[in-house]
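Work through the exercises below with the sequence and coordinates open. Each task is followed by a solution in steps.

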Amino acid sequence: MHPWLRISGQDFFNHTLTLPLRPSTRRASLFARYKDKPLPKNPDPFTEKIIDGVRPYLSDLASPEGRAARENGAQAFNEHAPRVLHAIRSLQAGPLQFNWAALKQNELISSPRHPFLHEYSNAIQEQYRNGQPDYWDPRMHDLLQDIAVHAAVYRCTNGLEVCLLWLIRTRNFTLVKELYGRFMHGLGENESWEDDEDDSSREDQGLAGMTLHTRQSSGFLVPGRVNILLALIAAHAGENDFAGAFRICLQTTTRFTPSFTTPFIRSLSYDQPFQARVSTFVERLVVARLLSFPSELQRLLQTLQKPGSDQALERLYQNVIQGMTGEDAYISASDSLSRTVTMPHEAWAFFLKAFIRAGRQDLAGKLWTDMNTFGIPRSATIWTAALEGYVETKRALEATTLVKVMEQQGVVFNHRAYMVAIGAYYQAKQRFEAWALFQKFLRQSNPRPNQQEVLDVTNTVIRGVLRMNQTKEAEDLLSSLRKSGPAPDTLTYNILLAHYARRQDFHALGRLVGEMASEDISWDVHTFSTILNALEAAGRPDATDMVIQMMRRQNVRPTTATVTAIIEQQLKEQKEANLQTAWKLFTMMEQDPELKPKESTYSVMLNGILRGHWLPRDVAIRYRGEILGRMRRDRIVRTNETYQGPAEAMSYLRQMEAGRLVISVQTWRVLLYGLENFKAWPEALEVVGKLEKSKKYMSPSLTLKVEKIKKHAEGQPAAYMAGHNVLELE
């Protein structure tokens with residue numbers, strides 16, 4: 001054992017800190033620096049609370065009994081910890097049982113800082129992979145599995161993973177579930193390890209582009225954690241217990257992605273029928289999980305309705321329909337059938353809208369037929385979803401035709417359906433039909449209208465009449481709201497402010513701002529952004545300062561987040577005038593100590609400038625260079641860069657290296673994915689080399705990406721490689 005691994009009683013502060021300390025460690029130097037300094041005479045309440053909490057422990061440690069406990073703990077650790085590792089490597093059950101029991105008895109293994117837990121887990125992994133576990137003493141299995149479970153609780157999961165895989169191969173599914181239960185009991189309520197790298201931000205499609213998301217966005221994707229859950233799913237698959245597997249998935253925050261599930265399922269190739277069943281279980285669990293949490297399904301469908309993703313969208317829908325049919329159907333089309341999961345009614349609407357937005361009219365027609373087949377009623381929610389799909393894709397003719405069909409079919413419109421239908425008529429410039437539908441809504445709402453619903457529909461009408469340049473009608477509607485109710489809200493005024501700002505009618509803008517003040521209506525980001533645009537159009541050089549003053553008068557404390565939101569709103573307009581305004585705000589933030597830009601501010605600026613190619617190429621390059629220069633000056637590191645070509649990506653990487661900035665795993669990931677998309681294999685290989693040299697932790701997905709890039713690069717002829725050293729901005 002290395003001398004520094006031996007713990008002295010002096011450094012053994014308590015049983016929760018079992019990591020050996022060297023004199024050169026940062027903790028030791030801090031202790032030496034502050035140990036003789038007196039406590040503050042008049043500490044603030046927070047500091048005083050901390051001191052009161054620590055004082056009893058300091059007293060215990062300073063007592064003779066405390067010193068003796070430290071000496072005994074250090075001696076026990078130094079004696080038994082290395083022997084456990086040796087016994088694992090030599091497969092000696094007797095010594096292993098004795099020394100492991102001694103560590104547990106002295107409570108010397110209850111910390112993630114235990115210097116041997118990782119070694120224990122790796123040694124167990126080595127024994128199960130390269131040894132002959134089929135011939136071991138059962139007592140050895142029990143001991144190794146106990147150690148593996150304990151190590152896995154403290155993030156060292158390699159050992160438990162191979163234990164579970166061996167148990168699956170031997171068909172001991174009961175013990176797999178038992179070990180998983182002990183592992184979860186050890187975790188307690190901590191389902192995620194908070195200081196691990198978050199690997200959830202990448203776009204990782206597979207299994208029809210699906211991901212098993214967590215209910216809590218804070219849950220991290222830890223490879224070992226996922227593999228342990230997959231082993232439990234495999235055990236349930238071995239027992240053909242899909243309902244049990246689904247209950248487990250609902251109870252955990254762990255999620256599946258293909259980068260984890262594919263290698264695991266590949267490891268079961270020794271039994272192909274079982275491998276196929278596990279694969280089916282995983283795919284069905286993903287679908288069942290999505291249907292159980294419709295909001296997650298809706299978010300996924302929003303990503304799959306983008307161009308190029310319609311095939312994944314189609315596969316997902318096919319998986320859902322297949323789950324409703326056949327002998328092993330697990331999805332119920334309605335509450336009338338008792339199955340593992342029920343297809344929520346709104347899910348039909350989500351799929352229908354996604355199909356229309358993706359331009360897959362054929363899939364929309366199939367869904368319409370499937371609803372007939374399964375006896376699903378076409379509620380106003382379903383019709384409205386189809387209508388929204390047409391309106392959002394600016395297909396006014398189809399939208400207005402659908403409105404007429406809805407009326408012919410006797411569909412009872414809810415307030416959301418009225419909003420979308422009225423918007424569709426105004427989009428088609430059919431103002432009389434829109435106004436008639438609005439009057440029908442008002443008649444239907446009486447005698448006891450829902451005030452918020454009336455306001456929502458009226459705001460839609462105000463937006464529509466302003467689209468038709470019917471300013472007087474919009475003002476009349478505003479007056480009616482102020483007199484008869486419901487009272488106009490921030491959105492009402494934002495719609496009118498934006499209209500007058502576009503027309504540069506500053507008199508009307510001033511009047512509306514005064515009305516908002518008199519009515520005590522709060523402002524939001526859109527309000528401030530609209531006013532800022534108007535002030536800039538009026539040629540006010542102090543426009544940004546005036547907006548900040550307005551925020552303070554509205555009791556809105558200017559912060560980095562609020563000003564960044566205004567910048568983002570400006571850049572969404574994709575006009576050079578708005579860019580100038582955003583740049584003034586950005587410069588003002590740099591000069592104000594309370595509004596210093598953060599990484600998110602720089603990200604908003606870069607994304608707004610580079611996405612969409614709305615700026616001339618030379619202007620975009622100039623602004624991008626200026627922003628990156630300021631980032632280097634302030635030592636700001638982006639975790640999610642936007643590049644317009646491999647040359648710019650590599651230039652940014654070299655700038656970070658020259659500035660000795662820490663490069664996160666997410667930055668490496670974005671570089672590799674982007675370079676692969678450009679098929680810039682020389683640059684990708686260079687990044688792979690730098691990543692491997694950095695010795696950063698690589699998740700399974702990142703490891704697969706590195707291997708894929710190496711294979712692609714090796715297969716390219718020399719002429720191809722030489723011709724792709726430099727790629728200019730397009």
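The model is predicted.

**Exercise 1.** Classify Asp362 as buried, partly exposed or exposed, and identify the residue with which Asp362 forms a salt bridge.

Solution. 
- Step 1. The relative accessible area of Asp362 is 48%.
- Step 2. Buried requires under 20% and exposed requires over 50%, so Asp362 is partly exposed.
- Step 3. The partner of Asp362 is Arg360, with the closest N and O atoms 2.9 Å apart.

**Exercise 2.** Arg360 also forms a salt bridge with Glu314. Find where the two residues lie in the chain and assign a burial class to Arg360 and to Glu314.

Solution. 
- Step 1. In the Glu314 and Arg360 pair, the closest N and O atoms are 3.3 Å apart.
- Step 2. Glu314 sits in helix H14 (residues 310-322), while Arg360 is in the loop between helix H15 (345-357) and helix H16 (361-373). The two are 46 residues apart, and the pair links distant parts of the chain.
- Step 3. Arg360 has 14% relative accessibility and therefore counts as buried.
- Step 4. Glu314 has 24% relative accessibility, so Glu314 counts as partly exposed.

**Exercise 3.** Which helices are linked by the salt bridge between Asp146 and Lys104?

Solution. 
- Step 1. The N to O distance between the side chains of Asp146 and Lys104 is 3.1 Å, which is within the 4 Å limit for a salt bridge.
- Step 2. Asp146 belongs to helix H6 (residues 138-153) and Lys104 to helix H4 (residues 93-105), 42 residues apart.
- Step 3. Lys104, at 40% relative accessibility, counts as partly exposed.

**Exercise 4.** State how many salt bridges the structure holds, and name the residues of the network that includes Arg416.

Solution. 
- Step 1. The count for the structure is 27 salt bridges.
- Step 2. Arg416 is linked in a network of salt bridges with Lys353, Arg357, Glu388 and Glu392.

**Exercise 5.** Compare the span of helix H33 with the expected value, and list its buried residues.

Solution. 
- Step 1. H33 covers residues 681-694, which is 14 residues.
- Step 2. From first to last C-alpha, H33 reaches 20 Å, close to the 20 Å expected at 1.5 Å a residue.
- Step 3. Buried residues in H33 are Trp681, Pro682, Glu683, Ala684, Val687, Val688 and Leu691.

Methods:
Residues are numbered from 1 along each chain as its sequence is written. This is a predicted model: local features need pLDDT of at least 70, side-chain atom pairs count only at pLDDT 80 or more; totals for chains, interfaces and linings use all residues. Side-chain values use heavy atoms; hydrogens and water are left out. Helices (H or I, at least four residues) and strands (E, at least two) are DSSP runs, numbered from the N terminus. Buried means under 20% relative accessible area, exposed over 50%, partly exposed in between (1.4 Å probe, protein chains only). The expected span of a helix is 1.5 Å times one less than its number of residues.
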